[in-house]
Structure formats: structure tokens, C-alpha cells
Amino acid sequence: MNYENQLDVALKRLHDEGRYRVFIDVEREKGNFPHALWRKDDGTEAPVTIWCGNDYLGMGQHPVVLAAMHEAIDATGAGSGGTRNISGTTVYHKRLEAELADLHRKEAALLFTSAYIANDATLSTLPKLFPGLIIYSDALNHASMIEGVRRNGGAKRIFRHNDVAHLRELLAADDPDAPKLIAFESVYSMDGDFGPIKEICDLADEFGALTYIDEVHAVGMYGPRGAGVAEREGLMGRIDIINATLAKAYGVMGGYIAASAKMVDAIRSYAPGFIFTTSLAPAIAAGAAASVAFLKGAEGQKLREAHQTQAKILKTRLKGLGLPIIDHGSHIVPLIVGDPKHTKLMSDMLLDGYGIYVQPINYPTVPRGTERLRFTPSPVHGSKEMDALVRSLDELWSHCALNRAELSA
């Protein structure tokens, strides 16, 4: 086999379909988020406003977080020194896990290097703990959940997205004595819709199943202390395992699960993705703990309210222009373009002509024909930034509607 040619074929296929992903070199400016510098391929720089970041509340720039990280670096240095089992457990890791357990009103929490790894490691380990486990997974679950379920070697059932009736059918068709787990999300990041948490919990009670929820796009942003949609709905106590991230609303890095002490102990003891991975740097754990603690309080609630207000304003204004956005009441604002090449060109035109940075979302992240630009407004996107975005989209959408031939060229 000519391996170089095969690589060329694989990459050409992505280019031909308009799905080839390009990294944009963007340097965030401390204290000036959501503004950043775009470093172009020709070596020049240009100011841009980031509209697709997951630092939803701007906590990656918050003085409380930065101060905690500086303090930890000065005290301990850079890295953790190893896995948690060898030398990578510090007071910073333990403090963060205590903050997270308290956040979700669970007995314990367990840190991972990312929420992807937390999902993959946990879901792939559970069948070792519960032989014969059947996992019922929502059809639109995140890739990390799909991968964990796929790799675990156990039985799986895929229920149609948010279709509680279909889930019931699947549960009823299986052995009532088999161990079961229902895996789903609270906020689905591409459409911004919510999972039917109460209805799923009711089915779990009826059929004796465990519940596993991914709150990655909700922690920090929903609930009176930022614990997520399950907290907002008063349902945290009915969820057995909560997965979430420290890299979005909390502005740092890492992922975790929160559950009973016995469940956490078992995952800690059996999951290769935890056992054999160097732990988060102490400074990252310190910054995340400071962010979680801050967002539990009154100032955090003000940020959450401002965040929801900004999302509502943007959706209202884009609807007023007649643009095809999806609105399920969450903070995520998807603008459907429907073609990968058009989506990429619109993204490029926004960046080049208007200084607005929003990455195209294409297959396989979303189904073919639903390619989109996904906007994530935040409390630090002010009226000036909002006006600039709305004006640019109005002009660009009109231009594209009149010049489809140009876009297809």
C-alpha cells in the first residue's frame, strides 16, 4: 500500500465535502474577553470578537480564578508529577473534588483530565462493575458517551432523541432482572434543547435502572448554585451519576463525575482512563475550585441571569431578521445554513470582513443538511459586540441569498 496516497485520498475527501477543519490562530487578550487577536497565515494580526467559545461566563479571565492559579504555581510549580495513584494527588485536587461533591449534593466526586475522558472511562467501566449491564443511550448523546458505551463490551440500546415512549419500549422489552443504566444529557449542545430529566427518572424508578446525566453545557449556568439543569428542576437527588466539565462555564480545564462515595470509589479503582492518566496540574485544579466556589454564590447568579438575558436578546434580534435559528430556550444559538461549503464560506467571510470569529459546525458533529454556525453569547458580550454581530449577519445573509452562485464557486 502507498500510505502517503491513502492519506491524500482521505484528506481530499474532507476538502471535497467541505468538511475539512481549519485551525484559526486566535490569542485571547487577558482582561479583554471576548476580544482576541487573529494571527493570519501571512504573519499579520487583526482584532476579532469570539462568538463561538465555550467560556460561557468569561471565568477564564476572572481575577478570582487567575489569582488562585498564580498562588498554586508559586506554591507547587507546574505539573502534578504523576497519576493520582502514584504522586499526582494534592490538596488542590482534593479541595476541588470536595467543591464538586458539594455542588451536586453528592457524597463524592472524581476528577479526570477532560469531560470526554470522564464519560468514556466511566461508561466503559460500568459493565465491569455490573455484569450484564444494559445501557440505554439517547441517539444524540455526545461522542464521548457513544465511545464509552461502544467500548464497554456490554449490551446497548439507542433510543430516539428525547423520545421517552421509545425508551419505555426498550426498557420493557428487556429482562426485568438485568442491570440497566439510562445515559442522556441535560442540554444538547448543537440544538440547545433540554433532556426530559423527570420523565427519564420516572422510567428509571419503574424499571430499576441507574441514571447517568451529562451536564457539560449546563454546569455553572443553570440552577441556584450553578449545578446544572437537574438542580434547577430539583432532580439532582434522582440522578445516580453526574458528568460535567470544568472547561466551559468554569473557564479552566478538566472533567469529573459526582456520585455516591461507593460508586466513585469503584470507578476510581477500575477505570483505566483514570488509573493510568497523569492528574491535572495543581494550578488548574486550584483555578477550577475557585471558579466553582465563586459561581455558587450571589455573584455567580448575577452572571447566570445576565447570560440568559444576552442569549434571549440575540435570539430575538436574529428572529427579527428572519434568520433560521433554533430556539429551545437555552443559551445556545444555532443558525442553520444547511450546506458545509456555504457554512465554511460564511464563517470565513465573517472573520475576514467583519472581525467576527465563529467556527462552522458540520457533519459528523451534526447531521448532513443541518450544518450551522453556533453562537454562544455571554455576559461579557456587550451591546457594541451584539450590534456588530447582528449587522454583519444581516448584511452577509442578504448577500449570500443573492449570490448563491458565488458561494458555490
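Which arginine lies over the face of tyrosine 363, and at what distance from the ring centre?

Tutor: The model is a predicted one, and every value below is computed from it. Arginine 368 is the residue placed over the face of tyrosine 363, at 3.9 Å from the ring centre.

A pair of aromatic rings is described by the distance of the centres and the angle of the planes. Searching the whole structure gives 2 aromatic pairs. One of them joins phenylalanine 112 and phenylalanine 274 in an edge-to-face arrangement, 5.7 Å centre to centre and with 70 degrees between the planes. Because phenylalanine 112 belongs to strand β4 (residues 108–112) and phenylalanine 274 to helix α10 (residues 272–275), this pair ties together parts that are 162 residues apart in sequence. Phenylalanine 112 has 3% relative accessibility and therefore counts as buried. Phenylalanine 274 is likewise buried, its relative accessible area being 5%.

Tyrosine 222 counts as buried, since its relative accessibility is 3%.

Helix α4 (residues 115–129) packs with helix α5 (residues 143–151) at an angle of about 25 degrees, the axes being 7 Å apart. An angle under 35 degrees counts as roughly parallel, so α4 is roughly parallel to α5. The crossing in which α4 passes α5 is right-handed. On the α4 side, the contact is made by Ala115, Tyr116, Asn119, Asp120, Leu123 and Ser124; on the α5 side, the residues are Ala143, Ser144, Met145, Glu147, Gly148, Val149 and Arg151.

Helix α4 also holds threonine 125. With 0% relative accessibility, threonine 125 counts as buried. Apart from neighbours within four places in sequence, threonine 125 is in contact with Ile267, Tyr270, Ala271 and Pro272.

The other helix pair to consider is α3 and α11. Helix α3 (residues 91–103) packs with α11 at an angle of about 25 degrees, and their axes are 8 Å apart. These two helices are therefore roughly parallel to each other. Their crossing is left-handed. From α3, the residues Tyr92, His93, Leu96, Glu99, Leu100, Asp102 and Leu103 meet Pro282, Ala285, Ala286, Ala288, Ala289, Val292, Ala293 and Lys296 of α11.

Alanine 289 is located in helix α11 (residues 282–296). At 6% relative accessibility, alanine 289 counts as buried. When residues up to four places away in sequence are not counted, alanine 289 touches Leu96 and Glu99, both of which are listed among the α3 residues that meet α11. By contrast, the C-alpha atoms of alanine 289 and tyrosine 116 are separated by 19 Å, and these residues are 173 residues apart along the chain.

Terms used: Residues numbered from 1 in each chain as written. Predicted model: local features only at pLDDT ≥ 70, side-chain atom pairs only at ≥ 80, totals over all residues. Heavy atoms only, no water. Phe/Tyr/Trp six-rings, centres within 6.5 Å; stacked < 30°, edge-to-face > 60°. Helix = DSSP H or I, 4+ residues; strand = E, 2+ residues; numbered from the N terminus. Buried < 20%, exposed > 50% of the residue type's maximum accessible area, 1.4 Å probe, protein only. Lys NZ or Arg CZ within 6 Å of the ring centre and 35° of its normal. Contact = heavy atoms within 4.5 Å. Axes fitted to C-alpha atoms, helices over the stretch in contact; angles between N-to-C directions. Parallel < 35°, antiparallel > 145°, perpendicular 65-115°, else oblique. Left-handed = near helix turned anticlockwise from the far one by under 90°.
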